[in-house]
Amino acid sequence: MSHSILSALSEDLLVRVYGFLDPPCRKTWRLVSREFHRVDSLSRTSIRILRVEFLPALLFKHPNLSSLDLSVCPKLDDDVVLRIALDGAVSTSRLKSLNLSRATAVRARGLETLARLCRALERVDVSHCWAFGDREAAALSVAAGLRELKMDKCLSLSDVGLARIVVGCSKLNKISLKWCMEISDLGIDLLCKKCKDLKSLDVSYLKITNESVRSIALLPKLEVLEMVSCPLIDDAGLQYLENGSPSLKEIDVTRCDRVSSSSLISIVKGHPDLQHLKASHCISEISLSFLHNIKALKHLKTLWIDGARVSDSSLLTLSGSCRALTELGVSRCVGVTDIGMMGLARNCSNLKALNLACCGFVTDAAISAVAQSCLNLESLQLESCHLITEKGLQSLGCYSKRLQELDLTDCDGVNDRGLEYISKCSNLLRLKLGLCANISDKGIFHIGSKCSKLLELDLYRCAGFGDDGLAAISRGCKSLNRLILSYCGELTDTGAEKIRQLEHLTHLELRGIKNITGTGLAAIARGCKKLAYLDLKQCENIDDSGFWALAYFSRNLRQINLCNCSVSDTALCMLMSNLSRVQDVDLVHLNRVTVEGFEFALRACCNRLKKLKLLAPLRFLLSSELLEVLHARGCRIRWD
């Protein structure tokens, strides 16, 4: 493009053109010219930062950011936040969304600074910050404009901290407290009294009682309620919801062991506009009364009843009543057979997601019926359905052209011919074939040739899969970002050389592959520079040459498993020193590493580790100073 044409385009016009581009195109756009680069800087509204040293410059460069993701910034701490606050050139006045997930080194001082600095803040994520406690909650409560707050697994948060937040942030309409084990009925009651505008609430895994449900029922605008695995809530508690929470559209009581179908009937009676009902592994049987009442849910789109006893007649009645269903979960349901599934397929032609995992009596006839009737099917889970053969997969290949996710894990009847049929589902994004003993490179070749959009592939313990199959995948599935090859014993360095072609790969599992050496790992490291997760557990024949290459090329690694590897003191130190973004490391049974080697390696990365797994005896052999530094930086050590 010539200079004259560029000068004729106004900034407003360039901004409008920029708005039509998808993220990859925007990356190319800003390389065209200085003017295009400037438009990108001014127009960009979200950014994910990987290295803390670039944070001030990037905030200055992009003054109109509304969303900032610091969840993978390993060295972020209070001091960094304070330096930004003191930098007068940096503007955060427009920031509305802040992701601090796993930022365990950011404590009360840093959080209060951020809350005061980002005055427009509406959404904050501090999930998995295990040291986030009452002091940090009090600091965050300064952000009075918060609308959404995610605090999953903030293990140190108690009712006191929650009280500070709900008093200071009374405009909250969405909050997640999943795994906050110190929260009790008292905290939930105060939350419901102060935050009347709540529309979404997640209290999964909390040890709250029916009293909390009584409080929740008073929320007039609540639309989504997640209560997965709440062991103390029973039917009496859920019955409060029959005449409460009038706006409720979605409820999840999965694995609430003391909940039965009677309380679900109460919810159904009180909420005829319910759209999503998730009750997996909590009701033992689908009763006639439940079926009779669920007829009233004319807008029901999602139903999970996994683990319940279901008869063919029940499925027929259910599908005849709930024709708007788009998602159904009946995994591990005793009594699911072809008759019920064929009736379901006829009545619920709008199904997009179906989970039939471990339904051992389902055969090709049911799968063919689903494929022919449910043409919008996007996700199908068939794990451990041993009666499925190539005939059923042939129907999927012919009719399920929109299928994006298929799970065939541990399906004995899946063979190479079946994979040939499946390869006709050209829109597949995720395919799971783990433990399929009857597939080989021949079948995988068809997948590699025709499923070019594939993003995730699981071949766990596929004994017939080898280097030739991996070559086909590497040639044809260039977009793969997740690949699981653990215990595929036929793979060698030749296959590993092919993996290097997968430039977008971020997640790779090679656990237990004995034939891969340092040469193979070095090839992977050189080609797959976006790798963020790598599992090398029990890869015993990888020598230091592979680990040296990993240290040099794989600078984006955030999680690595080196258990039972033959890494030496020197190589481990180099790895931990060079991998500047690593946050989660498993270092168990490293027989060639001495105590001194562990000490030096951990000192090299102690300022960025979030999780660490070590053998229990090292607790008494490593210096107390090192362990104190790790703890102070928010690192959680798992002693094996």
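The legends below describe close-up views of a predicted model.

**View 1**
Helix H13 spans residues 261–270. Seven of its ten residues are buried, so the helix is largely enclosed by the rest of the structure. The buried residues are Ser261, Ser263, Leu264, Ile265, Ser266, Ile267 and Val268.

**View 1. The stacked pair of Trp179 and Tyr205.**
The structure holds three aromatic pairs. In one of them, Trp179 and Tyr205 are stacked, with 4.3 Å from centre to centre and 10° between the planes. Trp179 comes from the loop between strand S6 (174–176) and helix H10 (185–194), and Tyr205 from the loop between strand S7 (200–202) and helix H11 (210–216), so the pair ties together parts that are 26 residues apart in sequence. Trp179 is partly exposed, at 34% relative accessibility. Tyr205 is also partly exposed, with a relative accessible area of 25%.

**View 2. The edge-to-face pair of Tyr552 and Phe553.**
The ring centres of Tyr552 and Phe553 are 4.8 Å apart. Their planes stand at 85°, so this pair is edge-to-face, the class for angles over 60 degrees. Tyr552 is exposed, with a relative accessible area of 55%. Phe553 is partly exposed, and its relative accessible area is 24%.

**View 3. Charged side chains over aromatic rings.**
Two residues with a charged end over a ring are shown here, Lys278 and Arg461. The charged end of Lys278 sits over the ring of Trp304, at 4.5 Å from the ring centre. For Arg461, the ring is that of Tyr487, and the charged end lies 4.0 Å from its centre.

**View 4. Packing of helices H15 and H16.**
Helix H15 covers residues 312–321 and helix H16 residues 338–347. Their axes come within 8 Å and cross at roughly 5°. With angles under 35 degrees counted as roughly parallel, H15 is therefore roughly parallel to H16. On the H15 side, the contact involves Asp312, Leu315, Leu316, Ser319 and Gly320. These meet Ile339, Gly340, Met341, Gly343, Leu344, Arg346 and Asn347 in H16. By class, the contact has five nonpolar, five polar and two charged residues.

**View 5. Packing of helices H9 and H10.**
The axes of helix H9 (residues 159–168) and H10 come within 9 Å and cross at roughly 5°. The two helices are therefore roughly parallel to each other. H9 contributes Asp159, Leu162, Ala163, Val166 and Val167 to the contact. From H10 come Leu186, Gly187, Ile188, Leu190, Leu191 and Lys194. Eight of the contact residues are nonpolar, one is polar and two are charged.

Most residues other than glycine have a negative phi. His128 has a positive phi of about 65° although it is not a glycine. The residue lies in the loop between strand S4 (123–125) and helix H8 (134–140), and is partly exposed at 29% relative accessibility. Trp179, likewise not a glycine, has a positive phi of about 70°. Its place is in the loop between S6 and H10.

**View 6. Leu155 and its contacts.**
Leu155 lies in the loop between strand S5 (148–150) and H9. Its relative accessible area is 25%, and Leu155 is partly exposed. Residues up to four places away in sequence aside, Leu155 touches Trp130, Trp179, Glu182 and Arg636. Phe132 is 23 residues from Leu155 in sequence, and the two C-alpha atoms are 7.2 Å apart in space.

**View 7. Arg44 in its loop.**
Arg44 lies in the loop between helix H4 (34–43) and strand S1 (46–48). At 24% relative accessibility, Arg44 counts as partly exposed. Leu149 is 105 residues away along the chain, and the C-alpha atoms of Arg44 and Leu149 are separated by 24 Å.

Technical notes: Residues numbered from 1 in each chain as written. Predicted model: local features only at pLDDT ≥ 70, side-chain atom pairs only at ≥ 80, totals over all residues. Heavy atoms only, no water. Buried < 20%, exposed > 50% of the residue type's maximum accessible area, 1.4 Å probe, protein only. Helix = DSSP H or I, 4+ residues; strand = E, 2+ residues; numbered from the N terminus. Phe/Tyr/Trp six-rings, centres within 6.5 Å; stacked < 30°, edge-to-face > 60°. Lys NZ or Arg CZ within 6 Å of the ring centre and 35° of its normal. Axes fitted to C-alpha atoms, helices over the stretch in contact; angles between N-to-C directions. Parallel < 35°, antiparallel > 145°, perpendicular 65-115°, else oblique. Contact = heavy atoms within 4.5 Å. Nonpolar A, V, L, I, M, F, W, Y, C, P; charged D, E, K, R; others polar.
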